[in-house]
Each structure stands twice: as C-alpha cells, then as structure tokens.
Amino acid sequence: MKLDKLRSALRKRFGDGVEAREDRGSIVLEGQLPSWEARLEAGSRAVGAGSRGVVNDIVADDCAWAASERLDSPRDPGRDEGEKGLEGLSFDVAVIGGGVVGCAVARELAKWRVSTILLEKEEDVAFHASSRNDGMIHDGFAARPGSLKAKFNILGNRLWEALAWELGIEFRRPGSIVLFRNAATQALYPAFAARAAMNHVDGWEYWSPRRVRAEEPNVCDGQHGAFFLPSAGVISPYRATVALAESAVMNGVRVELGTCVKGFEKEGDRIARVRTDRGDFRASVVVNAAGNWADVVASFADDRFFSLHQRRGTDMILDSQAGGLQRHIMAMPSIMQAKSTTKGGGLVTTVEGNILVGPTATELPGRESYATSTSELRTLERHFRINRRLLPSMAITYFAGVRACTWEEDFIIERSRRVANLVHAAGIQSPGLASAPAIAEEVARISLDVLCATMKVSPNASFVAVRDAPLELRRLSLEERAKAVSRNPSYGRIVCRCEEVSEGEIRDAMKSPLPVRSLDAVKRRARPGMGRCHGGFCTPRVMEIVADELGIGIDEVTKKGPGSRIAVGMTKSGLGEGFRG
Ligand SMILES: Cc1cc2nc3c(=O)[nH]c(=O)nc-3n(C[C@H](O)[C@H](O)[C@H](O)COP(=O)(O)OP(=O)(O)OC[C@H]3O[C@@H](n4cnc5c(N)ncnc54)[C@H](O)[C@@H]3O)c2cc1C
C-alpha cells in the first residue's frame, strides 16, 4: 500500500524517470534524474515506505560519476604488489574501518580474550570523518527523540570523560549556549526543555540575557537569553581516535593500515573469509565500521538494505588567540532550523584553544570529497555575529568533512538480519564522535554474543585501560620542561614555533604503538604545523626528522601516504646527501 502511494507520488513528481520496488523490506529506487537535488528529493520521499532502509540507486545526470566511485586504498608505488601478509590467517573478529567507531570497537573487544584485527585502507587511522569534525561531545539535545542517535549520544557523552582520562587525552565540558535571537525563539524555551527531558539530557537551564552577558562578555547585543546545556564537551577527535587505536594495539589488537577490504567469501549465511588487497583471511565475526563506504561493504555480503548519501560540512579554524575571547560553545539557530537535519553550526571552542566556526551542511556527492568553496565559507560568516570580538581575519585555515547519512537520518547499529556473523555500525553521521564509546560497547556486546555461539569467551585479565599520554612540552611548567630536556635534549629543540612542538615529541610520535610514516600522521599526534603559519616554517624540518626516523630520503617523505610526496626532487646536486643526514 505504502509502496503504491510512493510510486504514484514519484510518478507525479518525476514522471517515468524513477522506479520504486521492494527488496526484502527495503525500498530500492532506480532510474535516472537530471540533478543531484532531484535524486535527494526522491530518496527522502521513499523514507517510511518500506520496513527497512532506502536504497537509492538513481543516477543523477549532473553527477553521474558519483554512481561509480571506487573503493580502493592508495597504492604505494614502492609496495610489492604481491605482498599478501594476511593470507591464510584467522581472527575471531575483523573490524573494517579505522575511524573513531572502528577504533573504539577494537579497544572494547580488547577487554576480552578474542583475537581482533582492524583494517584501515588509508595510511593512518582518523583519516576521514573522524579527523574532519568539530570535536564536540554533544549534549544529546538536538537528536530526534526516540532515535538511536539520541540514545547513543547521551550514553556516549556520559562515557567520554572517564574514557578520555584513561586514554590520556584532554576532555573539557565547557557547556553549550543556544542563544535566543528574539522573543519568538525565547518563547520556545518550554519546548526545548521538553525535548531535552525526552532525550534524557544531563541538565539544562534558562539563562537570562544578563546571565549570558556575565558568562560571555563578548556576546552580541540584542540576545534574548539562552538555553544552556552544561553537559556539552569537547575533545580532539583525531587524538581521541589515535589514542583508542594505540590502546587497542597495546592490548593485543592487530591494526593493519593501508589494507582495503575488497569483498567477502560466504558459506551459507555466514562470511567465511574476508578478501583484502593484502590477502584473504578467516574471521568469525565481521564489524562494518566503514564510514562513508559502509553501504558498499554491506553489499559485499549481499546485505545492502540501506544506502548512504553524503552531507559535506565546512569549518573555519580561528587562531588559538581567539580562544581567550569565548569560554562556552555558542550557537544562535533560527526557527527555520527546527526541522533541519543538522544542528546548524556555531562557534565551537576546542581543547587546543582555537575556535571552530561551523560546520556547514550541504548535500553534495563524493564520499571523500573535501573541497571547500567560497559560497560555503560565506555561509559561515553569519556565526561571527554571535561574538563581537571574533573576526573572519582570525581564520588560519578551513577544512571540510563528509557525513555518512542514511535516508532515515539515523544510525544503524545491529547484527545483520541476513548474514549471521556481520555487525553493522553504519550511517554514523553526527553525533558519531560523541556516541562512539557507547556504539563500541553495543557493537562489542553483539559481536561477543555471536562468538559465544561457537567458542567460550572470557574477559582479558591483562587488559590495561590506562594509556600513558605522550609528553607535550607546551603543557609543562618551566621546571618540568627543564627536567624533560636534561633527560632527552631533543625536547629542547623547538621545531614548530606556533604550537611549541619539539623534535623529541615528533620522534616520540613516530615510535608510538601505531608507528606512522607521513607528515599528516605526525601532525595528528604531535601537532607540528597546526598553528598560525600552518607549517610554513616547520615543514622542511619535520620532513628531515621523518626521513631520519624512517631511514628514507627526504624526497620520499609523503604528506598523507602513497601518492602525496612533498618534494619532487633535488634542486642542486649534492643537496641530497645532506638531507639524508
Ligand atoms: C564537518 C563535520 C563535523 C562533525 N562534527 C561532529 C561533532 O562535533 N561531534 C560529533 O559527535 N560528530 C561530529 N561529526 C560526525 C563524526 O565525525 C562522525 O560521526 C564520525 O567521525 C564517524 O566515524 P566512523 O568511524 O564511523 O567513520 P570514519 O571516520 O569515516 O571512518 C571510517 C573508516 O573506514 C575506512 N574504510 C572504509 N571502507 C574500508 C574498506 N573497505 N577497507 C578498509 N577500510 C575502509 C575509511 O578509510 C575510514 O577511515 C561531524 C562530521 C562532519 C563531517
């Protein structure tokens, strides 16, 4: 009945361009439409017509390339094409994806005596959405009541503080101020409070205009008070992901970077073997935490009951000096945003002291397309009216990330209904970072349930929860710095002046439990190049250190793995010897 209604609605709107059919509960859309917008509209209309997800296979004429995006790991020209290090191995659990979700799942599984492998196609973890976000541990107010997003956001928010302590990373709870811009939005306070209560948010308050000004002296004039959510927190998303991965490795998880899962070999209703570009191996349980490729990974097991659409978000990073001009996370949404699929962005304080302006939310094709555009940047400017002292000229750079959205706009966290040993953590768009620890607990619980049917699973008595935080010179007192330098003189040689990062910290990063090889990977751990000059001064020196640690020529150092060499060759003969140190 619902399908008939959908078909007639689609015919009325798009003519004969689109076909809708039901496949095992999912609604599958096929055909051709002139634009990406039309494709999006068709996908949204199909929501609710089936008992499962929406699979949107419509090709949009203006973005036909999007239908044939390829899942691949960047090929290292130096790598032996025949290298098949995983061939013939066996694991209890294989986790696909080294984003915050996959790394959190791997660490959670390390609390049990099971053999776990995590596969990431890129040269580092936190390569995609998990390093391209706002780092906000959302309070849980914005998620639709009753959704998985709401449930896991609240649970994750409660877990992050203790987890961050264990991982040795910084976590702060500045709280979030949602400003009322006029009397009409102020009148929404009871509705806001009711929604917060429905979502079990940990506390909220009405702040009068005077209270807002007392707390944030630089706030704009004319505000009508605020809805304050004290539980909103912030972390460094890439450091959190790296720390989760390192903690997993320290507790016995095998992490394989530069390894792409290409398919599965099935026996009956189970995945028997995982096919990768580095060999095929057996796994008793497979976890799909593949971010923007999770629908493609699901299709490998003939379980593509949903498809993903991409929502790009652009952020502006303000210089760390701006951090002194605002204490809380602040936003000023319009009433129009009440029904939108995003939280609308704002001014987000960070643990490093910078302020993020954003993010935007634009439906664009491209699972890994991170281009920023002038029009996106323009839309960010409206957030500057929130804080009178912040200026666009404080921007040091921009970045974009891509949210992996299901058509239902909710997470999928479940054991597959068709494949007995497949667990999905898919459609993890915002607030996926905030929710990650709770998602990990649930995915690990489901995975262990599956395992228990065939083997005895017991806790890992030697699990070490606490990870020693790497030394960070800029956070030490002068006496502590002096001690560190006398222990290791390389801590006394500052390489990145903006962020005060020493040579010793860069060398430590390269020797961490998950050894790294590229400039961006070093940056995710020790932050050289993250400051105002954005690597203008320190990049050549960091390259020398990376080359020295890896025993390679400076011209072989890459920005982000295969295909991203920074130096193309030597400008003068003889220079190479010196560079090779
Ligand atoms: C602009 C922006 C701002 C955001 N802000 C916030 C925020 O403030 N708070 C919040 O809670 N959330 C936020 N989010 C959402 C958050 O970033 C994501 O929910 C989260 O990072 C998703 O993590 P993930 O591990 O599922 O995906 P990812 O980080 O994308 O990781 C998936 C990984 O799987 C790998 N992979 C895929 N296929 C394969 C394969 N076949 N083989 C091997 N590896 C594979 C990919 O290379 C990738 O590294 C934001 C998102 C964006 C884009």
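## A quick tour: strands, helices and a ligand

S7 and strand S12 (residues 233-235) pair up in the antiparallel sense, over two bridges. Keep in mind that you're looking at a predicted model.

- S7 and S12 belong to an open sheet of three strands, which runs in the order S7-S12-S8 with antiparallel pairing.
- Strand S7 (136-137) and strand S8 (171-172) are the edge strands, so each of them pairs on one side only.
- If you want a spot to look at, find isoleucine 137, which stands opposite glycine 233 in S12.
- As background, strands of a sheet pair through backbone hydrogen bonds, and they can do that parallel or antiparallel.

**Around the ligand**

- How many residues surround the ligand? There are 43, and the closest are Gly97, Gly99, Gly291, Gly313 and Gly432.
- Sorted by class, the shell has 20 nonpolar, 16 polar and seven charged residues.

**Where H3 meets H11**

- The axes of H3 and H11 come within 8 Å and cross at roughly 45 degrees.
- That angle makes H3 oblique to H11.
- Is the crossing of H3 and H11 left-handed or right-handed? It's right-handed.
- On the H3 side, the contact is made by Val100, Val101, Ala104, Val105, Glu108 and Leu109.
- H11 brings in Gly432, Leu433, Ala436, Pro437, Ile439, Ala440, Glu441, Val443, Ala444 and Ser447.
- The residues of this contact split into 12 nonpolar, two polar and two charged.

**Where H13 meets H15**

- Helix H13 (residues 503-510) packs against helix H15 (residues 539-550) at an angle of about 40 degrees, and their axes are 10 Å apart.
- H13 is therefore oblique to H15.
- The crossing of H13 and H15 is right-handed.
- Which residues meet here? From H13 they are Glu503, Ile506, Arg507 and Met510, and from H15 they are Val542, Ile545, Val546 and Glu549.
- By class, the contact of H13 with H15 has five nonpolar and three charged residues, with no polar ones.

Terms used
Residues are numbered from 1 along each chain as its sequence is written. This is a predicted model: local features need pLDDT of at least 70, side-chain atom pairs count only at pLDDT 80 or more; totals for chains, interfaces and linings use all residues. A residue is near a molecule or strand if its C-beta atom, placed from the backbone, lies within 6 Å of it. Ala, Val, Leu, Ile, Met, Phe, Trp, Tyr, Cys and Pro count as nonpolar, Asp, Glu, Lys and Arg as charged, and the others, Gly among them, as polar. Axes are lines fitted to C-alpha atoms, for helices over the stretch in contact, and angles run from 0 to 180 degrees between N-to-C directions. Helices (H or I, at least four residues) and strands (E, at least two) are DSSP runs, numbered from the N terminus. Angles under 35 degrees count as roughly parallel, over 145 as roughly antiparallel, 65 to 115 as roughly perpendicular and the rest as oblique. A crossing is left-handed if the near helix is turned anticlockwise from the far one by less than a right angle, and right-handed if clockwise. Two residues are in contact if their C-beta atoms, placed from the backbone, lie within 7 Å.
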